[in-house]
Amino acid sequence: MQAQITLLPGDGIGPEVVGAGVDALMAIAQRFGHTFDIDEALIGGAAIDASGEALPEATLAKCRAADAILLGAVGGPKWSDPSAKVRPEQGLLALRKALGLYANLRPVQLHPVLADLAPVKADRLAGVDLLVVRELTGGIYFGEKRREGDTAFDGCSYSVAEVERVVRLAARLAAARKGRLTQVDKANVLETSRLWRQVTSRVIESEFPAIALEHQLVDSMAMHLIAKPAAYDVIVTENLFGDILTDEAAELAGSLGLLPSASLGDAGPGLYEPIHGSAPDIAGQDKANPVGTILSVALLLRWSLKLDAEATALEQAVARAIEKGARTADIAGSGPALGTRAMTAAILAELGD
Ligand code: IPM
Ligand code: MG
């Protein structure tokens with residue numbers, strides 16, 4: 001097949017991990033006989049430096065024209081002044097909103113050989129296979145923000161339709177897995193959470209009667225995620241809770257650097273990015289873990305290009321390289337570590353010819 005892919009390297013380690021993602025795309029193209037046309041555009045701090053805007057119009061146009069988008073990371077101390085009018089993160093949020101990417105899929109799968117890295121006892125990790133579906137274009141991230149005197153306000157709202165569409169998507173994914181869905185909220189305090197609970201119950205009862213639905217309060221979910229992570233299958237939740245819980249869930253895998261994500265809407269290109277940030281402390285040093293980005297490329301192949309065999313081949317190459325001992329510094333413990341490029345090469349060597 002032929003596909004158009006737009007790269008948004010962004011800031012910090014973004015360009016290095018996106019470089020690894022491009023190597024992965026090219027290796028898949030060669031091995032399976034595809035043509036991926038690649039284009040690049042600015043976002044985040046890099047875009048602010050070049051144009052004063054975190055999401056320039058030209059970047060959005062290139063994204064809209066693509067079949068899929070691969071993003072590295074945005075942000076860094078250079079652009080973090082609290083009084084700054086434009087921040088790198090606004091570029092990412094504006095892109096998610098403009099493309100209607102309301103569902104962010106964050107799978108958490110563990111490599112058994114890395115179990116010792118997790119701060120959770122290894123026996124609790126057996127059988128962990130989670131998929132967090134985070135609502136991505138609503139809630140407090142996009143509410144009205146303002147200051148009045150010495151008081152600051154962040155509005156949080158959700159409509160029935162916003163909850164319905166992401167719950168339906170999560171339920172379809174759960175139906176193809178173990179059939180269990182956990183909806184997370186703070187319904188004992190928040191009105192938006194009570195709406196989430198009502199809508200989720202109605203959608204599941206009326207449209208997905210075979211799904212086993214459970215509701216959890218977010219504080220208790222934070223506890224259960226480390227106490228009994230294997231008890232969960234698909235978790236669906238609002239934007240802010242999903243942001244927080246997925247960083248926590250990443251610790252189960254041993255490093256934030258290992259986890260991918262896919263952001264999807266009903267039509268148009270999907271956006272794929274590792275869940276880690278721009279890690280300015282190690283930027284430009286060939287130290288970043290490329291696995292989160294390479295696994296994001298696998299999700300891109302599966303969800304946007306419908307290349308399931310290719311996606312699985314890439315995921316298996318990552319698993320084999322890790323099983324054989326390939327490690328970047330974040331997952332090396334006291335052992336020897338590979339740089340970003342050498343780790344990428346070790347993974348792609350497992351793809352075979
Ligand atoms: C994420 C990040 C972003 C978010 C930031 C960079 C705006 O933490 O993708 O999880 O909060 O959504
Ligand atoms: Mg986050």
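This is a predicted model: local features need pLDDT of at least 70, side-chain atom pairs count only at pLDDT 80 or more; totals for chains, interfaces and linings use all residues.

Modeller: Happy to! Residues are numbered from 1 along each chain as its sequence is written, chains are lettered from A and ligands numbered from 1 in the order in which they are written, and side-chain values use heavy atoms, with hydrogens and water left out.

Colleague: Thanks. So which residues does M343 touch?

Modeller: Leaving out residues up to four places away in sequence, M343 touches P290, V291, I322, A326, R327, T328, I331 and L338. The C-alpha atoms of M343 and P290 are 7.3 Å apart in space, although 53 residues separate the two in sequence.

Colleague: Where is M343, and is M343 buried or exposed?

Modeller: M343 sits in helix α12 (residues 340-349). M343 counts as buried because its relative accessibility is 0%. Buried means under 20% relative accessible area, exposed over 50%, and partly exposed in between, with a 1.4 Å probe and protein chains only.

Colleague: How many helices and strands are there in the protein chain?

Modeller: The protein chain has 12 helices and 12 strands. Those are DSSP runs numbered from the N terminus: helices are H or I with at least four residues, strands are E with at least two.

Colleague: And what is the radius of gyration of the protein chain?

Modeller: The protein chain has 20 Å, which agrees with the value near 20 Å for a compact globule of 353 residues. That radius is taken over C-alpha atoms, and the globule rule is 2.2 Å times the number of residues to the power 0.38. Of the 353 residues, 53% count as buried.

Colleague: Let's switch to α3. Which residues of α3 are buried?

Modeller: In helix α3 (residues 57-64), the buried ones are T59, L60 and C63. They lie on the same side of α3 because they cover an arc of only 95° around the axis. The arc is that of the directions from the helix axis to the C-beta atoms.

Colleague: What's on the other side of α3?

Modeller: E57 and A58 are there, and they are exposed. The buried residues of α3 pack against β1 (2-10), β3 (68-73) and α4 (88-98).

Colleague: Got it. What does L217 touch?

Modeller: Not counting residues up to four places away in sequence, L217 touches V184, D185, K186, A187, N188 and R197. L217 belongs to strand β9 (residues 212-217), and its C-alpha is separated by 5.1 Å from that of K186, 31 residues apart along the chain. L217 counts as partly exposed, at 25% relative accessibility.

Colleague: Which residues have a positive phi without being glycine?

Modeller: Among them are A279, with phi near 40°, and D286, with phi near 60°. A279 is in the loop between β12 (270-274) and α10 (291-303), and D286 lies in the loop between β12 and α10 too. A279 is partly exposed, with a relative accessible area of 25%, and D286 is partly exposed, with 25%.

Colleague: Last one: where is S80?

Modeller: S80 is in the loop between β3 and α4. At 33% relative accessibility, S80 counts as partly exposed. From S80 to G45 it is 9.6 Å in space, C-alpha to C-alpha, and 35 residues in sequence.

Technical notes: Contact means heavy atoms within 4.5 Å.
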